[in-house]
Amino acid sequence: MAGKNVVEFTRGRLQSSTQESDGLVFEPGRRKPPQRVTIAPEDKILVSREEAAQLLSISQRGLDYLVASKRLPTRRIGGRVLILVAELRKYARCDHPERIVS
């Protein structure tokens with residue numbers, strides 16, 4: 001079998017070598033990067049605009065109107081607009097006969 005060019009990743013260095021194997025060469029002590037933790041929306045304290053719209057079963061644009069008209073309070077962390085799940089539940093418990101957009 002012909003030699004293959006294999007690239008090995010070691011701490012801080014990139015090494016290239018020719019080996020007689022079909023697979024990649026991995027370091028046994030190398031760690032996997034941490035994976036993103038997913039939490040169910042009902043277990044979260046704050047949710048994004050997209051998640052809030054899904055929880056209320058309305059469009060994101062409709063949610064933006066609720067936020068702009070101060071019917072739904074938000075929190076800003078950095079550049080993100082987040083909405084308290086408790087406020088979503090409080091809003092969902094009441095009847096709202098008026099239209100979202102007036």
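How exposed is Lys-44? Lys-44 is partly exposed, with a relative accessible area of 24%. Buried means under 20% relative accessible area, exposed means over 50%, and partly exposed lies in between (1.4 Å probe, protein chains only).

## The model

This is a predicted model: local features need pLDDT of at least 70, side-chain atom pairs count only at pLDDT 80 or more, and totals for chains, interfaces and linings use all residues. Residues are numbered from 1 along each chain as its sequence is written, and side-chain values use heavy atoms, with hydrogens and water left out.

## Overall layout

The protein chain has three helices and five strands. From the N terminus, the order is β-β-β-α-α-β-β-α. Helices (H or I, at least four residues) and strands (E, at least two) are DSSP runs, numbered from the N terminus.

The protein chain holds 102 residues, and 18% of them are buried. Contact means heavy atoms within 4.5 Å. Of the contacts in the protein chain with a separation of 6 or more, 37% join residues 24 or more positions apart.

## Two crossing helices

Helix α1 covers residues 49-56 and helix α2 covers residues 60-68. They pack at an angle of about 100 degrees, and their axes are 9 Å apart. Axes are lines fitted to C-alpha atoms, for helices over the stretch in contact, and angles run from 0 to 180 degrees between N-to-C directions. The two helices α1 and α2 are therefore roughly perpendicular. That term covers 65 to 115 degrees; under 35 counts as roughly parallel, over 145 as roughly antiparallel, and the rest as oblique.

From α1, the contact uses Arg-49, Glu-50, Ala-52, Ala-53 and Leu-56. From α2 come Gln-60, Leu-63, Asp-64 and Leu-66. Five of the contact residues are nonpolar, one is polar and three are charged. Here Ala, Val, Leu, Ile, Met, Phe, Trp, Tyr, Cys and Pro count as nonpolar, Asp, Glu, Lys and Arg as charged, and the others, Gly among them, as polar.

## Which sides are buried

In α1, the buried residues are Ala-52, Ala-53 and Leu-56. They span an arc of only 100 degrees around the axis, which puts them on the same side of α1. The arc is that of the directions from the helix axis to the C-beta atoms. Their cover includes β3 (46-48), α2, β5 (80-84) and α3.

In α2, the buried residues are Gly-62, Leu-63 and Leu-66. Seen down the axis of α2, they fall within an arc of 100 degrees, so they line one face of the helix. Arg-61 and Ala-68 are exposed on the other side of α2. What covers the buried residues of α2 includes α1, β5 and α3.

## The nonpolar core

Which residues make up the largest nonpolar core? There are eleven: Val-47, Ala-52, Ala-53, Leu-56, Leu-63, Leu-66, Leu-72, Ile-83, Val-85, Leu-88 and Tyr-91. Such a core is a set of buried Ala, Val, Leu, Ile, Met, Phe, Trp, Tyr and Cys residues joined through side-chain atoms within 4.5 Å. Two or more residues come from each of α1, α2 and α3 (85-93).

Take Leu-63. Leaving aside residues up to four places away in sequence, Leu-63 touches Arg-49, Ala-52, Ala-53, Leu-56, Ile-58, Leu-72 and Ile-83.

## Two loop residues

Ser-57 lies in the loop between α1 and α2. Ser-57 is not a glycine, yet its phi is positive, about 60 degrees. Ser-57 is exposed, with a relative accessible area of 66%.

Lys-70 lies in the loop between α2 and β4 (75-77). Phi of Lys-70 is also positive, near 60 degrees, in a residue other than glycine. Lys-70 counts as exposed, at 72% relative accessibility.

## Contacts across the chain

Lys-44 sits in the loop between β2 (13-19) and β3. Apart from residues up to four places away in sequence, Lys-44 touches Ile-39, Glu-51 and Val-85.

Ser-48 belongs to strand β3 and counts as buried, at 16% relative accessibility. With residues up to four places away in sequence left out, Ser-48 touches Arg-80, Val-81 and Leu-82. Glu-87 is found in helix α3.
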